[in-house]
Amino acid sequence: MTHPLLRGKDVLDVPVLVLNRGYQPVRITSARHAFSLLYGDRAQALDRDYEPHDFERWAARDPEEGELTVRTVGGALEVPRLLLLRVYDRVPRTPLRLSRRNVFVRDGHQCVYCGKGSDLTIDHVLPRSRGGGSSWENLVSCCRDCNLEKGHRTPEEADMPMRRRPVRPTWTVVIQLTGVKNPLPDWEPFLQATG
Ligand SMILES: [Zn+2]
């Protein structure tokens, strides 16, 4: 039977949420990299009770029922879902790279002005010609018709209200992008803290 998390992936490719020393999420990594951080003593694995374990202790414990494991010479090694870094890594201003594709994902593949879901392009809310930069707050997904109609105007000037204010994406969006359908229940307390 295939574990629902796997969905055709290698067990070492499953996502692991990395927290800094202050228990704030800093990134999502693969189990492969998580094991390397754990083995290199740069991080500890959190169990279901959020109890941190270094590699030796992690390897010595019996895997929890239903958890993914990898086979090692020492027996079955549980794949951690949460990793706690030993350092206070800074919390990234945004955990996601600003790109066309990611702006579309954040905006639900819909035009922010009319809601159309096709023929999309990227609109600068404050036009580039007027000093509008490329930022999460100034880029939105927009259909070509609205883009043309808006021209070199702001939404206010064009009388084209936005259905949603563009903001930096939350961790929920980040998780969708990494291909995890639902955030793992173990992750939720940490994700809520950062929005
Ligand atoms: Zn539109």
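**Helix and sheet**

A: Let us start with helix 1, which lies across strand 1, strand 2, strand 3 and strand 7, and runs at about 110 degrees to strand 2. Such angles run from 0 to 180 degrees between N-to-C directions, and the axes are lines fitted to C-alpha atoms, for helices over the stretch in contact. Helices (H or I, at least four residues) and strands (E, at least two) are DSSP runs numbered from the N terminus. This is a predicted model, where local features need pLDDT of at least 70 and side-chain atom pairs count only at pLDDT 80 or more, while totals for chains, interfaces and linings use all residues. Residues are numbered from 1 along each chain as its sequence is written.

Q: OK, and how many helices and strands are there in the protein?
A: The protein has seven helices and nine strands.

Q: In what order do the strands of the open sheet come?
A: Five strands form that open sheet in the order 2-1-7-3-4, and their pairing is mixed. Two strands pair if DSSP finds at least two bridges between them.

Q: Which strands stand at the edges?
A: Strand 2 (25–30) and strand 4 (52–53) stand there, and each has a single partner strand, so one side of each is left without a neighbour in the sheet. Strand 4 pairs with strand 3 in the antiparallel sense over two bridges, and His53 in strand 4 is the bridge partner of Ala45.

Q: What about strand 5 and strand 6, how do they pair?
A: Strand 5 (residues 69–72) and strand 6 (residues 75–78) pair in the antiparallel sense over four bridges, and a hairpin of two residues joins them. Within this pair, Val70 has Leu77 in strand 6 as its bridge partner.

Q: Changing topic: which residues touch the most other members of the largest nonpolar core?
A: They are Val16, Ala34, Leu38, Leu82 and Leu83, in a core of 19 residues. A nonpolar core is a set of buried Ala, Val, Leu, Ile, Met, Phe, Trp, Tyr and Cys residues joined through C-beta atoms within 7 Å. A residue is buried if 20 or more other C-beta atoms lie within 10 Å of its own, exposed if 12 or fewer, and partly exposed in between, with C-beta atoms placed from the backbone.

Q: And which element gives the most to this core?
A: Helix 1 does, with five residues. Leu83 is in contact with several residues beyond its neighbours within four places in sequence, including Val16, Ala34 and Leu38. Contact here means that the C-beta atoms of two residues, placed from the backbone, lie within 7 Å.

Q: How much of the protein is buried?
A: Buried residues make up 24% of its 195 residues.

Q: Which residues have a positive phi although they are not glycine?
A: Tyr23 has a phi of about 60 degrees, and Asp41 has one of about 65 degrees. Most residues other than glycine have a negative phi.

Q: Where are those two found, and are they buried or exposed?
A: Tyr23 is in the loop between strand 1 and strand 2, and counts as partly exposed because it has 14 C-beta neighbours inside 10 Å. Asp41 lies in the loop between helix 1 and strand 3, and Asp41 is exposed, with 11 other C-beta atoms within 10 Å.
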